[in-house]
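Dear colleague,

Here is the structure I said I would pass on. Please look it over before reading my notes.

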Amino acid sequence: MNIRTLLFTILILFAHNLFAQVKESDLAAYLMVYFKDESHGLYFAISQDGYSFTDINKGKPIIAGDSIAQQKGIRDPYIMRGKDGYFYMVMTDLHIYAQKQGYRNTEWERDGVAFGWGNNRGIVLMKSTDLIHWNHTELYLEKAFQGWENVGSFWAPELIYDDRTGKLMIYFTMRFGNGLNQLYYAYLNKEFTAFESEPQLLFQYPKANKNYIDGDITKVGNKYHLFYVAHDGVPGIKQAVSDYPNGPYQYDDRFYDPEPEACEAPNVWKRIGEDKWVLMYDIYGISPHNFGFSETTDFKNFVDLGHFNAGKMKSTNFTSPKHGAVIPITKQELERLAKHWQFDLSMQKK
């Protein structure tokens with residue numbers, strides 16, 4: 001490596017370190033990622049006030065599922081800002097209408113009796129410095145470790161940084177064959193391309209033969225709050241708390257969503273400059289399906305904010321989003337997205 005290349009590398013690393021040190025005072029807007037059943041693609045929506053969200057690409061995918069996924073469709077996108085200056089996304093590699101779309105000859109990737117609804121083998125990892133240009137890797141459990149060939153689902157992955165190990169922890173819903181859906185976790189390598197450890201059970205639901213899915217972990221102070229979906233009666237959102245991201249988690253029998261109908265896909269995000277957090281969830285038990293929102297300051301008492309366009313929260317140019325996640329972004333990041341997608345920020349409520 002010559003001196004010019006070395007200096008350039010040092011400059012890039014220094015710039016990334018500066019970029020990574022984003023303070024809450026630097027944040028000015030929100031970015032929501034979500035998907036739609038119709039396209040199985042990835043969508044972005046932005047908000048400048050945390051209440052009114054607008055799709056940045058006029059309701060069209062920013063990335064087509066058939067361009068990044070083995071099954072030609074993605075579901076359950078999740079996004080986080082890393083401590084290293086990168087943005088990370090993970091999503092399920094699954095297309096539930098692939099046969100109708102001509103991507104395969106069978107309803108599911110493998111036998112539906114043996115492996116159940118929506119069976120899949122992989123997830124998609126994505127990494128970016130600017131929220132526009134993304135590298136992606138397809139990750140398969142059965143290729144990573146011997147003895148995992150019978151995995152029947154590999155769904156709804158999310159990420160959190162483990163301060164003790166200095167590594168990204170990925171956690172997800174998984175089952176063997178057509179068995180019980182449970183929450184697992186593992187660690188990823190620093191390149192964000194492969195597993196570094198075999199999956200282990202993240203949390204044990206105390207009632208036998210109950211599916212529990214769609215974990216979402218938020219660190220608040222020195223506690224980790226795991227929200228997840230319990231299929232224990234009408235499917236809904238429960239919470240468990242731990243001192244560490246990989247547990248052990250303390251079970252709480254209470255349902256934290258206010259919905260009478262089935263919901264899933266919890267995601268917690270903080271309001272900028274306020275000690276308030278929003279619990280967002282996908283209410284799939286209503287037609288048309290919609291997102292619901294509750295707000296808290298203490299993770300014990302929650303105020304129901306209603307649904308998109310039936311309460312405080314608004315979706316201005318899109319309907320029926322599925323399984324979303326929200327992160328805060330800076331003014332510069334917002335303006336970069338708007339410029340790239342030719343979106344007029346003045347048209348959106350501030």
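The model is predicted. Its mean pLDDT is 93, with 94% of the residues at 70 or more. Residues 8-15 fall below 50, and in the model this stretch has one contact beyond near neighbours in sequence.

The sheet is open and has five strands in the order β20-β3-β2-β1-β21, with mixed pairing. β20 (314-315) and β21 (322-330) are the edge strands; each has a single partner strand, so one side of each has no neighbour in the sheet. Helix α4 (residues 331-340) packs on this sheet, where it touches β1, β2 (42-47) and β21. The direction of α4 makes about 120° with that of β21.

The partner of β21 is β1 (residues 27-35): the two run antiparallel and are joined by seven bridges. Within that pairing, Leu31 lies opposite Ile327 of β21.

The arginine is Arg271, in the loop that links β15 (264-270) and β16 (277-283). Is Arg271 buried or exposed? Its relative accessibility is 1%, so Arg271 is classed as buried, the limit being under 20%. The Arg271 side chain comes to 2.9 Å from the backbone oxygen of Gly50. Setting aside neighbours within four places in sequence, the contacts of Arg271 include Asp49, Gly50 and Tyr51, as well as Glu24, Tyr30 and Glu295. Lys276, Val278, Leu305 and Met313 are also in contact with Arg271.

Regards

Terms used:
Residues are numbered from 1 along each chain as its sequence is written. This is a predicted model: local features need pLDDT of at least 70, side-chain atom pairs count only at pLDDT 80 or more; totals for chains, interfaces and linings use all residues. Side-chain values use heavy atoms; hydrogens and water are left out. pLDDT is the predictor's confidence in each residue, from 0 to 100. Contact means heavy atoms within 4.5 Å. Two strands pair if DSSP finds at least two bridges between them. Helices (H or I, at least four residues) and strands (E, at least two) are DSSP runs, numbered from the N terminus. Axes are lines fitted to C-alpha atoms, for helices over the stretch in contact, and angles run from 0 to 180 degrees between N-to-C directions. Buried means under 20% relative accessible area, exposed over 50%, partly exposed in between (1.4 Å probe, protein chains only). A polar contact is a pair of N or O atoms within 3.5 Å; within protein, one must be able to donate a hydrogen and the other to accept it, and residues adjacent in sequence count only if both atoms are side-chain atoms.
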